[in-house]
Amino acid sequence: MRKRIILFTLLFAFGNGNAFCQNDSAPANDIGIQYLGHVAVRVTDLRAALHFYCDELGLPEIFRINRPSGSVLLVYLRVNNNNFVELLPGTDKPNEGPTKLSDRHLGFYVKDLQASLHALQAKGYPLPEDAFKTAAKVLGDGTVMYFIHDPDGNGIELSQMLPDSKEAKSQR
């Protein structure tokens, strides 16, 4: 709980965040990362988590995606127009693989996902043969994304927000 409060204090400390994370901002690095888009948090009780994040912290729910079984896969909450909290309900182990949701992870928005993957590969990051094909698939929220991992195995989601994505539509 304390870590969550610290996280939100940092996010709110910079106002609405728009001055620091515009969609058309130039990448600050040669991989193409533009800004931190979301922080994913695994929750054991979705109802209690929504009460805390929405009712107590005031973050509005903007969309949710369900599994084929109908259970909730993820819930997106808005911090500001460019930053979100992604709630991952359930106690099941996270899915594994390059495009599966990782438990706690950082979600970076990039301007061009394919270019970012090529830049990573040029720097020596090992990508499987199907990485570019996998990263071209439009997902349920209307984005394209690819998971990489740091040396400790922490998930790093690289996402490209497409014009018709749920995230982009929520900004209008």
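Are Phe52 and Tyr53 buried or exposed? In this predicted model, both Phe52 and Tyr53 are buried, and their rings form one of the aromatic contacts described below.

**Aromatic pairs**

Across the whole structure, a search finds four aromatic pairs. A pair of aromatic rings is described by the distance of the centres and the angle of the planes, and the table gives these values for two of the pairs, including that of Phe52 and Tyr53.

| Ring pair | Centre distance | Angle of planes | Class |
|---|---|---|---|
| Phe52 and Tyr53 | 5.0 Å | 80 degrees | edge-to-face |
| Tyr76 and Phe84 | 5.3 Å | 40 degrees | tilted |

The planes of Phe52 and Tyr53 stand at 80 degrees, so the pair is edge-to-face, because planes over 60 degrees apart are classed that way. The planes of Tyr76 and Phe84 stand at 40 degrees, so that pair is tilted.

The side chain of Ser170 reaches the backbone oxygen of Glu167 at 2.7 Å.

Seven strands make up an open sheet with mixed pairing, in the order 2-3-4-1-5-7-6. Strand 2 (61–66) and strand 6 (143–149) stand at the edges, where each has a single partner strand, so one side of each is left without a neighbour in the sheet. From one strand to the next, the twist averages 25 degrees.

Strand 2 and strand 3 (residues 72–78) run antiparallel and are joined by five bridges, with Ile65 having Leu74 as its bridge partner in strand 3. The hairpin of strand 2 and strand 3 has five residues between the strands, and within this hairpin Gly70 takes a positive phi near 100 degrees. Strand 5 (residues 105–110) and strand 7 (residues 155–161), by contrast, pair in the parallel sense, over five bridges, and here Leu106 has Ile156 as its bridge partner in strand 7.

**Helix 3 against the sheet**

Helix 3 packs on the sheet, where it touches strand 5, strand 6 and strand 7, and its direction makes about 20 degrees with that of strand 6. The buried residues of this helix are Leu113, Ser116, Leu117, Ala119 and Leu120. Seen down the helix axis, they fall within an arc of 160 degrees, so they line one face of helix 3. Their cover includes strand 5, strand 6 and strand 7, together with helix 4 (131–134).

At the start of helix 3, a side-chain oxygen of Asp112 comes to within 3.1 Å of the backbone nitrogen of Gln114. The helix is followed by Gly124, which has a positive phi near 100 degrees.

Gln121 also lies in helix 3 (residues 113–122), but this residue is partly exposed, with a relative accessible area of 37%. Setting aside its neighbours within four places in sequence, Gln121 is in contact with Leu127 and Phe132. Gln121 and Ile31 are 90 residues apart in sequence, and their C-alpha atoms are 9.9 Å apart in space.

Notes:
Residues are numbered from 1 along each chain as its sequence is written. This is a predicted model: local features need pLDDT of at least 70, side-chain atom pairs count only at pLDDT 80 or more; totals for chains, interfaces and linings use all residues. Side-chain values use heavy atoms; hydrogens and water are left out. Helices (H or I, at least four residues) and strands (E, at least two) are DSSP runs, numbered from the N terminus. Buried means under 20% relative accessible area, exposed over 50%, partly exposed in between (1.4 Å probe, protein chains only). Contact means heavy atoms within 4.5 Å. Two strands pair if DSSP finds at least two bridges between them. Axes are lines fitted to C-alpha atoms, for helices over the stretch in contact, and angles run from 0 to 180 degrees between N-to-C directions. The arc is that of the directions from the helix axis to the C-beta atoms. A polar contact is a pair of N or O atoms within 3.5 Å; within protein, one must be able to donate a hydrogen and the other to accept it, and residues adjacent in sequence count only if both atoms are side-chain atoms. Rings of Phe, Tyr and Trp (its six-membered ring) pair if their centres lie within 6.5 Å; planes under 30 degrees apart count as stacked, over 60 as edge-to-face and the rest as tilted.
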